[in-house]
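This briefing covers one structure, topic by topic. The sequence and the coordinates come first, and the notes follow.

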Protein chains: 2
Amino acid sequence: MTASDKSSAGSSTTRRMLLDATVAIMLEDGYAGATSRRVAARAGVKPALVHYYFPNMDELYLAVFREGAQANLDRQAEALESAQPLRALWEEASEPRGARLLLEFMALANHRKAIRAEIALWAERWRGVQITALDRILREHGTAGEWSTPEVVSVLMACVGRMLVLEDTLGISTGHDELRTLIKHFVDDVELS
Amino acid sequence: MTASDKSSAGSSTTRRMLLDATVAIMLEDGYAGATSRRVAARAGVKPALVHYYFPNMDELYLAVFREGAQANLDRQAEALESAQPLRALWEEASEPRGARLLLEFMALANHRKAIRAEIALWAERWRGVQITALDRILREHGTAGEWSTPEVVSVLMACVGRMLVLEDTLGISTGHDELRTLIKHFVDDVELS
DNA sequence: GTCTATACTTCGATAGAC
DNA sequence: GTCTATCGAAGTATAGAC
């Protein structure tokens, strides 16, 4: 949260490659595989350079998360301006890459306490924006049930979208088609009226 | 899946302590913290003994998972015999310890391929049993909506229950009360009729 | 069964040349 | 900025005494 802005000043492309390498490794092998040595190798530089751009591994992980979180907020803002914002929100929640990365950061937050606060901060901000938007969306169109409040719809989409992706990754599929079909119907029910 | 039954024969209490220590560390610091040295220290033995009971760390993790998975299946069977099976299923899905452990194993599955198949096997079996039971429960009582099929209710409870716990752990709470209240109403609506 | 001792690998991080 | 070289710590795993 503090004293790490120094490393975000550089305009170098090496920093960019280090961030990309970290994401790629986290997705392929999990956060435990994103070591300074492997990140450096993937970026095509020597390990010592990682510590030049990021004083320690926590700062690297935080930088990766912050960048992804901001991109997520941007995509959400974009989704809310589309013709079918509810559908766009659902598709964003079901985006595999983001869901898998978030899983890694949630696990990482278990023993990197600095990560935890950052995730919570992002999640609350992200959800706040979404609920505000949903309040308008659900009000404008006819809501498909007395239970469909902005809060409920927001949390439901986030939980279900991401967890289905994670189950898919593991090879679990029972019931997925039924639930996805139901949600699509709900979305169209609200939005195409 | 094969050639590991040898290690499950021992009746020793040391093996028991190693398994418990592994779970405790995974919950406190994440799977990456459950190293052979730390597990041994926590169990009060020397590191070499870990490899006596478990030829490698994968076997230890698998043993921990299999034991937890079986306990989970047992608790589910017990839940299904209670007066309010639907409520019992929801409470089991919301159980913090299980949800947090599953998160660790999902992350672990990302780079320990042997874990992945084991999780999928357990999840499909677990979900199959639950769907069969829900089919009866939802049929006996009045279902609270045309969307409440056994498959949908099963996947929804699993996704939402666990993800809410994970968000709680991170310090995310927006919308949780609303959703939990809604689900309790649904459960009672179905079950107290 | 449990230990000591150890081999070998990989980790994060730093110092200092270029 | 990027490198070489290196430190100390921690990891998995094995051999062999008790």
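B:Tyr61 counts as buried because its relative accessibility is 4%, where buried means under 20%. This value, like the others below, comes from a predicted model.

**B:Tyr61**

- Helix α4 of chain B, residues 57–79, contains B:Tyr61.
- Apart from neighbours within four places in sequence, B:Tyr61 is in contact with B:Thr22, B:Tyr31, B:Ala34, B:Phe105, B:Leu108, B:Arg112 and B:Ile115.
- B:His51 is ten residues away from B:Tyr61 along the chain, and their C-alpha atoms are separated by 12 Å.

**A:Arg127**

- A:Arg127 has a relative accessible area of 1% and is therefore buried.
- This arginine, A:Arg127, sits in helix α7 of chain A, which covers residues 113–140.
- Not counting residues up to four places away in sequence, A:Arg127 touches A:Ser154, A:Val155 and A:Ala158 in chain A, and B:Glu167, B:Ile172, B:Thr174 and B:His176 in chain B.

**Fold of chain A**

- Chain A contains nine helices and zero strands, and its pattern along the sequence reads α-α-α-α-α-α-α-α-α.
- The C-alpha trace of chain A spans about 60 × 35 × 30 Å along its principal axes.
- Of the 193 residues in chain A, 52% are buried.
- Among contacts in chain A with a separation of 6 or more, 64% are between residues 24 or more positions apart.

**Aromatic side chains**

- Over all chains, the whole structure has eleven aromatic pairs.
- A:Phe65, A:Phe105, A:Trp122 and A:Trp126 form a cluster linked by ring pairs.
- One member of that cluster, A:Trp126, has A:Arg162 over its face, at 4.7 Å from the ring centre.
- In chain B, B:Arg162 lies over the face of B:Trp126, also at 4.7 Å from the ring centre.

**DNA strand C**

- DNA strand C is surrounded by 15 residues, and the closest are A:Thr35, A:Ser36, A:Arg37, B:Thr14 and B:Tyr53.
- Of the atoms of DNA strand C that come within 4 Å of the protein, 60% belong to sugar and phosphate.
- At a base of DNA strand C, a polar side-chain atom of A:Arg37 lies 3.0 Å from a nitrogen.
- At the phosphates of DNA strand C, a polar side-chain atom of B:Thr14 lies 2.9 Å from an oxygen, and a backbone N or O atom of A:Met57 lies 3.2 Å from a phosphate oxygen.
- Three helices each supply at least two residues of the surface near DNA strand C: α2 (36–43) and α3 (47–53) of chain A, and α3 (47–53) of chain B.
- With four residues, α3(B) gives the largest share of the surface near DNA strand C.
- The surface near DNA strand C comprises seven nonpolar, five polar and three charged residues.

**DNA strand D**

- DNA strand D has 14 residues around it, the closest being A:Lys46, A:Tyr53, B:Thr35, B:Ser36 and B:Arg37.
- Sugar or phosphate supplies 60% of the atoms of DNA strand D within 4 Å of the protein, and bases supply the rest.
- A base nitrogen of DNA strand D lies 2.5 Å from a polar side-chain atom of B:Arg37.
- The largest share of the surface near DNA strand D comes from α3(A), with four residues.
- By class, seven residues of the surface near DNA strand D are nonpolar, five are polar and two are charged.

Conventions
Residues are numbered from 1 along each chain as its sequence is written. Chains are lettered from A and ligands numbered from 1 in the order in which they are written. This is a predicted model: local features need pLDDT of at least 70, side-chain atom pairs count only at pLDDT 80 or more; totals for chains, interfaces and linings use all residues. Side-chain values use heavy atoms; hydrogens and water are left out. A residue is near a molecule or strand if one of its heavy atoms lies within 4 Å of it. A polar contact is a pair of N or O atoms within 3.5 Å; within protein, one must be able to donate a hydrogen and the other to accept it, and residues adjacent in sequence count only if both atoms are side-chain atoms. Ala, Val, Leu, Ile, Met, Phe, Trp, Tyr, Cys and Pro count as nonpolar, Asp, Glu, Lys and Arg as charged, and the others, Gly among them, as polar. Rings of Phe, Tyr and Trp (its six-membered ring) pair if their centres lie within 6.5 Å; planes under 30 degrees apart count as stacked, over 60 as edge-to-face and the rest as tilted. A charge sits over a ring if NZ of Lys or CZ of Arg is within 6 Å of the ring centre and within 35 degrees of the ring normal. Buried means under 20% relative accessible area, exposed over 50%, partly exposed in between (1.4 Å probe, protein chains only). Contact means heavy atoms within 4.5 Å.
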